[in-house]
Amino acid sequence: MYVVVIGGGNVGYYLTKELLAAGHEVVVIEEDSARARQIADELGSIVVANDGCEGRYQAEAGMGRADVVAAVTGDDAVNLAACQVAKMRFNVPRAIARVNDPKSEKLFRQLAIDETVSPTRAILAVIEHEIPIHDLLHLAELEGGELQIVEAQIDGESPVVGRELRELDLPEGSYVAVVVRDDRAVAPRPETRLRTGDKLLAVTSAEREAELRSLLIGE
């Protein structure tokens with residue numbers, strides 16, 4: 001597989017090393033000339049020392065035959081622009097962008113970026129799982145971020161304790177996929193009565209998430 005990595009910072013450098021070790025062909029585009037020389041000294045002549053957002057330098061990197069472009073600079077705007085050029089000018093099949101601001105992920109997907117990776121969201125997810133909070137935990141996204149898989153922890157103050165699933169007026173397009181009880185996954189049935197300590201894995205839309213939270217967790 002031929003991969004073009006845009007950004008030779010720590011993320012780009014170690015990503016390139018791992019890809020090379022796995023036997024892939026990789027070229028890095030890094031704008032800072034000193035950093036580009038450093039990478040070339042360590043990894044070989046696989047570096048284009050210029051602006052990864054410009055088509056001529058993407059062409060120099062062989063973007064026309066790339067299978068994947070991965071834009072991993074620390075600047076969201078640069079990553080978006082670089083992926084857009086790769087997709088629109090060179091028809092790269094798959095574009096992956098690092099997104100530092102999680103609020104930008106939806107915009108990236110609307111602009112045809114195939115995958116986004118948010119270090120901020122990943123770290124936040126770990127923190128949320130380690131620190132009990134009264135909120136929905138985001139586990140994954142579907143349909144380009146339009147649908148969310150969330151986890152709700154049911155405690156003694158939850159308004160749904162003691163109620164059967166069929167009694168819940170779930171928001172439109174939302175449903176409970178799994179009930180985790182005593183560390184075991186239980187298939188949800190209409191007559192399943194919710195208990196304190198249950199965890200519900202649910203699917204909902206971004207627009208209906210606040211309604212689902214209010215229903216399951218309360219205000």
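A crossing of two helices is termed right-handed if the near helix is turned clockwise from the far one by less than a right angle. In the present model, which is predicted, the crossing of α1 and α2 is right-handed. Helix α1 spans residues 10-21 and helix α2 residues 33-43. The two pack with their axes 12 Å apart and at an angle of about 20°. Because angles under 35 degrees count as roughly parallel, α1 is classed as roughly parallel to α2.

On the α1 side, the contact is formed by N10, Y13, T16, K17 and L20; on the α2 side, R35, I39, E42 and L43 take part. Sorted by class, the contact of α1 with α2 comprises 4 nonpolar, 2 polar and 3 charged residues.

The model also contains an open sheet of 5 strands, arranged in the order β7-β8-β11-β9-β10 with antiparallel pairing. Strands β7 (137-142) and β10 (184-186) each have a single partner strand, so they stand at the edges and one side of each lacks a neighbour in the sheet. From one strand to the next, the twist averages 25°.

At the β10 edge, the partner is strand β9 (residues 175-181), and β9 and β10 pair in the antiparallel sense over 3 bridges. Within this pairing, R181 is placed opposite R184 of β10.

Key:
Residues are numbered from 1 along each chain as its sequence is written. This is a predicted model: local features need pLDDT of at least 70, side-chain atom pairs count only at pLDDT 80 or more; totals for chains, interfaces and linings use all residues. Side-chain values use heavy atoms; hydrogens and water are left out. Axes are lines fitted to C-alpha atoms, for helices over the stretch in contact, and angles run from 0 to 180 degrees between N-to-C directions. Helices (H or I, at least four residues) and strands (E, at least two) are DSSP runs, numbered from the N terminus. Angles under 35 degrees count as roughly parallel, over 145 as roughly antiparallel, 65 to 115 as roughly perpendicular and the rest as oblique. Contact means heavy atoms within 4.5 Å. Ala, Val, Leu, Ile, Met, Phe, Trp, Tyr, Cys and Pro count as nonpolar, Asp, Glu, Lys and Arg as charged, and the others, Gly among them, as polar. Two strands pair if DSSP finds at least two bridges between them.
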